[in-house]
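Here are my notes on the model you sent over, point by point.

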Amino acid sequence: MEMTTSVPIPADWPTTEEDARAVQDELRLRVVLDEPGPSPGTGHVTGVDVAYDDERDLVVAAAVVLDAASLDVVAEATAAGRVPFPYVPGLLAFREIPAVLAALEALPVPPGVVVCDGYGLAHPRRFGLASHLGVLTGLPTIGVAKNPFTFGYEEPGASRGSASPLLAGAEEVGRALRTRDAVKPVFVSVGHRTSLDTACAHTLALTPEYRLPETTRRADALCRRALKEATA
């Protein structure tokens, strides 16, 4: 496994909900929504995820780069640091971003499209982790979440590839996407520099066997392992 990078909390990191929301409002204006994004099955695709040990005030992030065509692991990196922000729904990115950025920076290869275990535009303030990470890195990002957060949707068809809009009122903020026949859908949203169609196509390309993308499964396993090692 790659060596774990140690992450200091950035000097100017928000400490209050008010500060964090102001940062979201400022950075949200920089989200790029008019690019289709890289085609699925080409280049690299990278999963990021985090694990916490709240008792030790520790967060560990993992980044796992896959070859988009074969889904073989190309590179991986982890980073650990103190939890930089309290738990506040809608502001989870402020707990995760410093460690995730450090893990991405420690990769020896370009990450390509970054897939987050969470949300992009499907967020109460339209600026979830995937959007935040995309704006800060300039990378194309997508969010693939396990639940619909606060948004409504109609069940997509039962077969793999079926989708239905994830709605905030009349606004489509993402899609409920069936990745396995007759299995609960995942919830896909645009982060930065990609379209919703492309994000859904990537998600299907990354789910040949399981409900969740291979990127998320590998990054989840790696950050849990790194957390176990860090606290052993």
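1. Let's start with Phe85, which counts as buried because its relative accessibility is 3%. (Buried means under 20% relative accessible area, exposed over 50% and partly exposed in between, with a 1.4 Å probe and protein chains only.) Before going further: this is a predicted model, so local features need pLDDT of at least 70 and side-chain atom pairs count only at pLDDT 80 or more, while totals for chains, interfaces and linings use all residues. Residues are numbered from 1 along each chain as its sequence is written, and side-chain values use heavy atoms, with hydrogens and water left out.

2. Phe94 is buried too, at 1% relative accessibility. There are four aromatic pairs in the structure, and Phe85 with Phe94 makes a tilted one, with ring centres 5.6 Å apart and planes at 45°. The rule is that rings of Phe, Tyr and Trp (its six-membered ring) pair if their centres lie within 6.5 Å; planes under 30 degrees apart are stacked, over 60 edge-to-face, and the rest tilted.

3. Which kind of pair do Tyr119 and Phe149 form? A stacked one: 4.9 Å centre to centre, with 25° between the planes. This pair links distant parts of the chain, 30 residues apart: Tyr119 is in the loop between β5 (113-116) and α3 (129-137), and Phe149 in the loop between β6 (141-145) and β7 (163-168). (Helices are DSSP runs of H or I, at least four residues, and strands are runs of E, at least two, numbered from the N terminus.) Tyr119 is buried at 15% relative accessibility, whereas Phe149 is partly exposed at 31%.

4. Two arginines are worth a look. Arg95 has its charged end over the ring of Tyr52, 4.6 Å from the centre, and Arg217 lies over the face of Tyr210, at 3.7 Å from the ring centre. To qualify, NZ of Lys or CZ of Arg must be within 6 Å of the ring centre and within 35 degrees of the ring normal.

5. On cysteines, a search of the whole structure turns up zero disulfides (a pair of cysteine sulfur atoms within 2.5 Å). Cys200 is buried at 7% relative accessibility. Cys223 is in no disulfide either, with the sulfur of Cys116 the nearest at 13 Å, and Cys223 is buried at 0%.

6. Now the largest pocket, with a volume of about 660 Å³. A pocket here is an open set of points on a 1 Å grid over the protein atoms alone, where a 1.4 Å probe fits, with protein on both sides within 12 Å along at least five of seven lines; lining residues have an atom within 4 Å of a point. Its volume is the space filled by probe spheres set on the points. The lining has 30 residues, and Leu92, Glu96, Asp117, Gly118 and Tyr119 lie nearest the centre. β2 (44-53), α2 (93-105) and α5 (214-230) each give two or more residues to that lining.

7. The second largest pocket holds about 190 Å³. Of its 14 lining residues, Pro10, Asp12, Trp13, Pro14 and Leu136 lie nearest the centre. α2 gives the most to this lining, with four residues.
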